[in-house]
Amino acid sequence: MPVARPEPSDARIIAHVDMDCFYAQVEQRKRPELRGLPTAVVQYNSWKGGGLIAVSYEARKYGVKRSMRGDEAKDVCPQINLVQVPVARGKADLNIYRNAGSEVVSILARRGRCERASIDEVYLDLTDAAETMLSENPPEILEAIDEEALKSHVLGLSEDGNDNQENVRKWLCRNDADHRDKLLACGAIIVAELRMQVFKETEFTCSAGIAHNKMLAKLASPMNKPAQQTVVPFAAVKGLLASLPVKKMKQLGGKLGSALQSDLGVNTVGDLLQFSEEKLQEHYGINTGTWLWNIARGISGDEVQGRLLPKSHGCGKNFTGPQALKTIASVERWLNDLCEELSERIQSDLDKNKRVAHTLTLHARAYKTNDSDSQKKFPSKSCPLRYGTAKIQEDALKLFESALREFLGSNRFETQGNQNNGWGITSLSISASKILATPSGTCSILRFFHGPEPSCSSPNHITSETTQGTASLSSSGRESFPALDRAELPKLTLEETTNKCQNSSSDRDEQITEKSNYKGTCSISRFFRSCEQACTGIIQDAVPSGLENSLGLNQADSKKKCSRTETGINCARSSIDREEHKREAWNEKGTSSILKFFHGRSPSCSSSQQLCNRMIDDTAPLSPSGSENCTGWDHVRTEGSLRIDCKIESARPSLDRDKQRRETWDNFKIEEIDPSVIDELPPEIQDEVRGWLRPLKHAKTAKKGSSIAHYFLPAKKT
């Protein structure tokens, strides 16, 4: 429904520029031999010569009209030149006309705020330019005024043939005119200059209307065509609207205009003056009633939006008579073509103008032959727009099926929808709307997943490439790690593993430094560390800073206790085992545990197997205070205090030991433990001990598939 907007208190100068038989002019520019000759542009459909969509003024002199077919136009004007509109995907391709319209818009926008209303019409707000001209070079002091401006048609000004240009000059240069008319005179001169500039640069002619608002400028632009302009002073508004048929006014050509004629007997816009605002509001609502009261007096507060680009993209096709689509398959075929064109246009808009369309809408006209309700309107349907031809095609078909189901009724659709019994589609179109500029600084999420794939030919290459790639994926490394395929992990031969165990200490230090720089990322490079390096890294990870010396764990000790050959043999484990143990290590890494404070040092490395087991089990905690191989704890109650003993067992995976410790703590009765003992423990582990004795509620864990990695996994086949 129309929206009532009051005009601003300050006078505005608005122009509406309309191209003259634009499609014909574009074809004549492309084929100069057609200039000055009767010409018409016809549709690609050759039935009866094709439908006329543009007629040059030379052909109009012979009585050719747009409502004619090509054969009928030839009967009226035998010498007419019929030019077929370009065709793409079985329908008219209007890109050549859209691009030509953009040329005109770029010129008009040089002097004021510009709003592109369609392919061949533009609104201009020239208020600032007119104010500047009036203050610096008012018309009355100009030595000469362009002849094109003197050809203007000023409503309310008598036109006396040969003296018309002189009358216009006097009107433009009046000293006694009020401020609004002086601004209007400046606007007329500016528009004349712009029109001549358009002709000089594009070879196109255009007509214009100049007034104080968009509504009046739109009404004035077609009054004197071609290649002329019409000025609407405020004093001439009443006379302009008095005889204007109500159906000629924008937004009154449909049901509202018909209601005015039938309900109130209004045939011209001037007839509305006899009704009060309250009367109009009583019949058509407060907002619409106020709008009708305003337009009867030439009042409109609509502003020029400052839009050089179209506010939507759309494409469609009509299927008249026997061409009506009567099956879902035929509708789908045409929808696919329309969606392909729409996808190209919105993608081009995105690339050139950095704008994104957000809404996809389907419109259609249809009929029913076996139903008394044959006049029921086919509903329009909309949904969020997804970029990509295939996605747009899929969504458009779903919109159509939903609309057809509503049009026919769900029962009839289920039984007749696909077989076409009693329905036909006579028009089909889709559009992309709600086009907004992309925020500055945004980029595609794909940027974060770009990068070369790691190659298995060189472990060093894998280390550098994969570490960089995973560093950008996750700060914790846990998101990307589970996605690694065991089959993709390279399996090292015994010789390769042994050689890797012989790296120099300088290389080892460099890799440890690199590890610290990427701490928190789960890199495949970890799988290629030597046993000796891994042992060193594990101890550094497990032992708190400041305790290394007291525990006596260093690189030299590790090298003394393990021979290279034994280490190489035992470290040649399968990649699957390494992956499982590394995942466990990463799940536990980074937590501050009481277990760290009971780490100790092994008195000897009697078996390389033990060392390798310790290497693989990254977070295998060292035993309490000097007893290296202690993995189980006995807890004995002694007079209100807690004494911790450890029993010596063979090395086990850390998960088993943790489970055993949990069970041992759980066997204790909480009320028999002296709280003061816990208070004497270091502050950083007190909470953990209390947690063992009195478990908290289970922490909420993310549901499966809640990580960002979930959205990039292959879709499950149904």
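Modeller: Let us say that two residues are in contact, or touch, when they have heavy atoms within 4.5 Å of each other. The model above is predicted, so local features are used only at pLDDT of at least 70 and side-chain atom pairs only at pLDDT 80 or more, whereas totals for chains, interfaces and linings use all residues. Residues are numbered from 1 along each chain as its sequence is written, and side-chain values use heavy atoms, with hydrogens and water left out.

Colleague: Which residues does Leu108 touch?

Modeller: Leaving out residues up to four places away in sequence, Leu108 touches Val17, Val122, Leu124, Leu194 and Val198. For the protein as a whole, 69% of the contacts between residues at least 6 apart in sequence join residues at least 24 apart.

Colleague: How many helices and strands are there in the protein, and what share of its residues counts as buried?

Modeller: Helices (H or I, at least four residues) and strands (E, at least two) are DSSP runs, numbered from the N terminus, and the protein has 28 helices and 17 strands. Buried means under 20% relative accessible area, exposed means over 50%, and partly exposed lies in between (1.4 Å probe, protein chains only); of the 718 residues, 43% count as buried.

Colleague: How should I read a nonpolar core, and which residues touch the most other members of the largest one?

Modeller: In soluble globular proteins, nonpolar side chains tend to be buried together. A nonpolar core is a set of buried Ala, Val, Leu, Ile, Met, Phe, Trp, Tyr and Cys residues joined through side-chain atoms within 4.5 Å. Here the largest nonpolar core has 50 residues, and Leu108, Leu124 and Leu172 touch the most other members. Helix α8 (residues 179-202) gives the most to this core, namely eleven residues. At least three residues of the core come from each of domain 1 (19-87) and domain 2 (99-296), with the bounds taken from an automatic or database domain assignment. There is also a second, separate core of 34 residues, with Ala357, Trp423, Ile425 and Ile435 among them.

Colleague: Why is helix α1 described as largely enclosed by the rest of the structure?

Modeller: Helix α1 (residues 22-30) is largely enclosed because seven of its nine residues are buried. The buried residues in α1 are Phe22, Tyr23, Ala24, Gln25, Val26, Glu27 and Gln28, and they pack against β1 (14-19), β2 (39-42), β3, α2 (57-60), β4 (81-84) and α4.

Colleague: Where do Leu216 and Met249 lie, and are they buried or exposed?

Modeller: Leu216 belongs to helix α9 (residues 214-220) and is buried, with a relative accessible area of 3%. Not counting residues up to four places away in sequence, Leu216 touches Ala211, Val232, Val237, Leu240 and Gly298. Met249 sits in the loop between α10 (237-242) and α11 (255-264), and at 3% relative accessibility Met249 counts as buried. Beyond its neighbours within four places in sequence, Met249 is in contact with Met215, Leu219, Leu241, Leu244, Val269 and Ile295. The C-alpha atoms of Met249 and Lys218 are 9.5 Å apart, although 31 residues separate them along the chain.

Colleague: How do I read the backbone angles, and what is the phi of Glu203 and of Lys434?

Modeller: Most residues other than glycine have a negative phi, and most peptide bonds are trans. Glu203, though not a glycine, has a positive phi of about 70 degrees; Glu203 lies in the loop between α8 and β10 (206-211) and is partly exposed at 39% relative accessibility. Lys434, also not a glycine, has a positive phi of about 50 degrees; Lys434 is in strand β15 (residues 423-437) and counts as exposed at 53% relative accessibility. As for peptide bonds, the one joining Lys225 and Pro226 is cis, with omega about -5 degrees, and Pro226 is in the loop between α9 and β11 (229-231).

Colleague: How is a pocket found, and how much space lies in the largest pocket?

Modeller: Rolling a probe the size of a water molecule over the atoms shows where empty space is left. On a 1 Å grid over the protein atoms alone, a pocket is an open set of points where a 1.4 Å probe fits, with protein on both sides within 12 Å along at least five of seven lines, and lining residues have an atom within 4 Å of a point. Grid points are joined across faces, edges and corners, and a volume is the space filled by probe spheres set on the points. The largest pocket holds about 1400 Å³ of space. Its lining has 46 residues, and Leu94, Arg98, Ile119, Gly314 and Arg345 lie nearest the centre. The elements that each supply at least two lining residues include α4 (95-108) and β12 (313-318), while α14 gives the largest share, seven residues. The lining divides into 15 nonpolar, 17 polar and 14 charged residues, where Ala, Val, Leu, Ile, Met, Phe, Trp, Tyr, Cys and Pro count as nonpolar, Asp, Glu, Lys and Arg as charged, and the others, Gly among them, as polar.
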